[in-house]
Amino acid sequence: MDEMKKKEHDDQKLHIAVFPWLAFGHFLPFLHLSNHLAQLGHRISFISTPKNLRRLTEISPNQSASVTMVPLPLPSVHGLPDSAESTSEVPFHLVPYLKQAYDKLQFPVTDFLQNSDVNWVILDIAPHWLPPIATRLGISSVFFSIFSASSFAFLGSPEDLLRRCQQPVEDLTVVPKWIPFPSNVAFRLFEVMRIQEQMDPNASDFFRFAKVIEGCRFVATRSCAELEADSLSLLQNYTKSLLFRWGCFRLGKTTVRETTAGTL
C-alpha cells in the first residue's frame, strides 16, 4: 500500500521548463518561482544562456537541487556585441538586437523540449513563438507575468495590445478607456520614449505580449486580491486562459545575494 501511494505521488510530479526574458528583473522572479515549485516536488529545467546561468548561480547559491540549469548559447545577431547576453550589458538602443537573438533560441529550445519529458513550460512576455510549439508537442504552457495586475490591466486585452501596435506611443501616458475604476496607472513620457527605443521592429512588445497571452493555456500574475482585486477581476475578462494569482514569494535569509545587475 505504501509503495502504491508513493507511485501515485511520483506520478503527480511534473517536469517543468521555465524560459525567462534576458533581464535580471525577469530572471530572479522566475528563479524564485522555480525554487518554490521544486519544494513541491517538481523537477525544473531553467533555460537561458550560459553567462546568465553562471551569474544566477553566483547570486543564488542555495537553489534547490531539483532545479537544473539548461544553458543554450545565444545566437549571434548583427549589431549585438558578441559578449552580450542580457539587458544589463547593452544600452537601450541595442535591446532590439537582443530580442532578435532571443528569438533565434526558438530552434534549440524546441529541440530541448522535443527530446525531454517536459510536461509544462512557463514562459515570459517575449517568446511569442513558444506557445504554438508547446501545443504541437503536447506541452501545456503558462505565461508568468512579473508585472503587477494593475500594470497588466493597463496594457489591455490581446486585442487592445495589437491595436496599440498601430497607435502613437503617447497613448501610454493616459489611463485607457477600458479601465472602469479610478486609476492613475500610466507611463510618463520619458518612460514611453525609452520603451519605444527598445522595440524590435520585427515584433513589437505589444505583439509579443498579445500572442503569448492568446497562446498560453494559463496566465499567472504576481498579485493577490487583497491588493489588486479590481485589476484581477478585469484581467479575468481579458483572456480566455485561466488566471492564477501566485501572490508574493517569501525569500529565505540567504536565497539571494546583493548584486549590481545593472539595467533590469
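Guide: In this predicted model, a residue is called buried when its relative accessible area is under 20%, and exposed when that area is over 50%.

Visitor: Is Asn52 buried or exposed?
Guide: Asn52 is found in helix α3, which spans residues 50-59. Its relative accessibility is 0%, and because the cut-off for burial is under 20%, Asn52 counts as buried.

Visitor: Which residues does Asn52 touch, leaving aside those up to four places away in sequence?
Guide: Asn52 sits in helix α3, and residues up to four places away in sequence are not counted here. With those set aside, the residues that Asn52 touches are Leu22, Phe24, Phe27, Glu85 and Ser86.

Visitor: What share of the residues in the protein is buried?
Guide: The secondary structure of the protein comes to eleven helices and seven strands. Of the 264 residues in the protein, the buried ones make up 49%.

Visitor: Which residues lie nearest the centre of the largest pocket?
Guide: The largest pocket holds about 960 Å³ of space, and helices α2 (24-39), α4 (95-103), α7 (149-155), α9 (189-197) and α10 (205-215) each supply at least two residues of its lining. Among the 30 residues that line this pocket, those nearest its centre are Phe147, Phe187, Ile195, Gln198 and Asp205.

Visitor: How many residues in the lining of the largest pocket are nonpolar?
Guide: The lining of the largest pocket consists of 30 residues. Sorted by class, five of the lining residues are charged, six are polar, and the nonpolar ones number 19.

Note on methods: Residues are numbered from 1 along each chain as its sequence is written. This is a predicted model: local features need pLDDT of at least 70, side-chain atom pairs count only at pLDDT 80 or more; totals for chains, interfaces and linings use all residues. Side-chain values use heavy atoms; hydrogens and water are left out. Helices (H or I, at least four residues) and strands (E, at least two) are DSSP runs, numbered from the N terminus. Buried means under 20% relative accessible area, exposed over 50%, partly exposed in between (1.4 Å probe, protein chains only). On a 1 Å grid over the protein atoms alone, a cavity is a set of points where a 1.4 Å probe fits but cannot get out, and a pocket is an open set with protein on both sides within 12 Å along at least five of seven lines; lining residues have an atom within 4 Å of a point. Grid points are joined across faces, edges and corners, and a volume is the space filled by probe spheres set on the points. Ala, Val, Leu, Ile, Met, Phe, Trp, Tyr, Cys and Pro count as nonpolar, Asp, Glu, Lys and Arg as charged, and the others, Gly among them, as polar. Contact means heavy atoms within 4.5 Å.
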